[in-house]
Amino acid sequence: MADSGTRVLSVGALARVEGEGALRVRVSGDRVTEARLSIYEPPRFFEAFLRDRRHTEPPDLTSRVCGICPVAYQTSACHAIEDACGVAVGGQLAALRRLLYCGEWIESHSLHIHLLHAPDFLGADSALEVSHRHRAAIERGLRLKQAGNSILEVLGGRAVHPINVRVGGFHRVPSRAELRPLAERLMRAREDALAAVDWVAGFDFPEAECRADLFALAEPGTYAIERGVPTVLPYGGGEARRSFPLAEFGAHVVEEQVPYSTALQARLDGRRHLTGALARYAVSGHLLPSAVREAARAAGLPDPASGEVCRNPFRSIVIRAVEVLYAVEEALRLIERYEPPARASQEVAPRAGTGHGATEAPRGLLYHRYSLDLDGLVTDASLIPPTSQNQGAVEDELRLLVQRRLARGEATDAELAGLCERAIRNHDPCISCSAHFLDLTVVREREADRPTASSGRVGGLGPGDAQRPDDESVERDQHD
Amino acid sequence: MTGSDRPRLGVFKFASCDGCQLTLLDCEEELLPLAAELEVAHFAEASSDIRPGPYQLSLVEGSVSTPEHLERVRRIRAESRHLVTIGACATAGGIQALRNSADGDAFRATVYAEPEYIESLATSTPISAHVPVDFELRGCPIDRGQLLEVITSFLAGRRPDIPDHSVCFACKRRGTTCLPVARGIPCLGPVTHAGCGALCPAYGRGCYGCFGPSASTNMPAMIPLLRSDGMSDEDIVRFLHTYNVEDFAALEPPGVLDEDD
């Protein structure tokens, strides 16, 4: 610790998240003066090279933003381009899209719950370590993940970057017979999903509260997944939920550089907001089928039907497990009602215009906007991933969490760093969604104030190690 | 279970989408048995327990695209007995190599409000452009079966049995009707490296080349074929310039296509 009593906690390379991020919290005496989730994922310039591509290309191109949620990118892109071209895909083609998305929810959530997140609640570094004590639970998680992947493989061709999605629908639609083995597997997955809800419900959840507005898509009569209307549930009571048309997304959700921070952050009508599992459950939980709502209640989640909202991000693992159960049920329902459509895709003739698309990626709301010229070439593209939207709320939460912990007495840096890492993993951040992450150089105000940095992690060849030159007066960070 | 007798595995990431690392976690049935055979010493996406080198086998995902990457790739090489690149980014620069032939400043200005803050190399390059690589596994993303073959062959001390013929061979084996011949659908199968199991043609779409060029390709013969299937030269450039842009561009016959850059 430095003379001033100021100390800086830093975790050079966040583990068990998708992509690369780092974390920095500045503590002065018993006050938290700064909390930063740094993204140092290298920029990949998707929005730049989407320009001058054909209107048929963004679903395949943007799927490469993220290996864990490629279907989210493909679906948001399809919707935005179809919107620009004045086409709405409905009927069984829309149902197949939802089925594919259910596969991604099951796969991504099962991965996050069992391999990335559960170790936090069991005092372990990895799922491999957990498997020594809870082998059946990890095997069950891998089976669930496999069930999700099998939907992606049958309908999409492969689990990572499916090839069968196109603007207007699919390249090829399955027969009923091809989907039957999926249904059999999903019947078994239903048991596994119920057991997974029970398992995670038994974890210990630290007290925490997300004080941001909750933001998710809403769709009449169903739990919104692959489409819906942007809906805000404001924090603090007094204000009712409100919605706005998707075409007005850019007027409400604004990415900006805030003067006191080095991070580019998206704000919703000027306030911090959170997307993802907590937001979805708060906005649409009352629309879950009764059996799923019952499982949620039995797992200790509040009942959204009576207006209760779960704001503890540590419980997001329970909501994800409930969403896996729902996605399994929903996939079974869609397969049951499936009738192969006459054509695998609708014609989408290009025209000049701008279109918007948003879907619920497993980790939160993902928005795409494209402008096309008369020939159907992309003239402008904008991708707003959930992690960029969530960052402000997550930083706020980190500040609150560390402040609360310090109020209870002295804590080691390692303990605080561990707590913060857990808090970040609660949100399943998809850091590879680095469509536009900033890399800034920050000069310290006064060198005399320079605190000693201590690390919460034993270093190895972590991606952060080479990233942080321990310069006298300059520190380098990259930010969302 | 720290067992120093087991071979030590490192998994590392550069500029990428994480999809190829994820393919390792997608080996659901093999994951726990595999973890009993080797020590997962460094795999930040899967474990907080990050151990220092050396590593017997390092799997490297992603392309070199920032100044920091240049130093880091050398450190990883120095600590690795075998270094295998996984996926199109690590093997060919990936989709982000689309910036290599573009005006870097304009690219930055398109994405960032304050582009002067962006620290990024003007190019996105494969790992082999910087350090020696023992084996390159292709694909965007890689194939799960091929990944298991690579890991098990290195554990057994032999070369991986990864065929380097074209997608066409796999299509014939699968019994898929040839799309360009039967339906006039443009397809990069004749010049693309096998590995996906000829997935796209089986779903009625032409191969879009995500495994990069195969060992022996005749690109001058490919381009008239694409034209005869109705593609304009601009569309052909876009077709080849996607996930393995640098590798395909190297094979393009000079002057046949009018480059827009």
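Predicted model: local features only at pLDDT ≥ 70, side-chain atom pairs only at ≥ 80, totals over all residues.
**Notes for all views.** Residues are numbered from 1 along each chain as its sequence is written, chains are lettered from A and ligands numbered from 1 in the order written, and side-chain values use heavy atoms, leaving out hydrogens and water.

**View 1. A salt bridge between two loops of chain A.** E239(A) and R271(A) join their side chains in a salt bridge (Lys or Arg side-chain nitrogen within 4 Å of an Asp or Glu carboxyl oxygen) at 3.8 Å, N to O. The partners lie 32 residues apart, E239(A) in the loop between strands 7 and 8 and R271(A) in the loop between strands 10 and 11. E239(A) is partly exposed at 42% relative accessibility (buried is under 20% relative accessible area, exposed over 50%, partly exposed in between; 1.4 Å probe, protein chains only).

**View 2. A pairing within helix 11 of chain A.** Here E330(A) meets R333(A) at 2.9 Å, N to O. About one helical turn separates them, because they sit 3 residues apart in this helix (residues 316–336). E330(A) is buried at 5%, while R333(A) is partly exposed at 33%. Both belong to a salt-bridge network that also includes R98(A), E219(A), E226(A) and R227(A).

View 3. The side chains of R425(A) and E421(A) form a salt bridge of 3.3 Å, N to O, and both residues are buried.

How values were computed:
Helix = DSSP H or I, 4+ residues; strand = E, 2+ residues; numbered from the N terminus.
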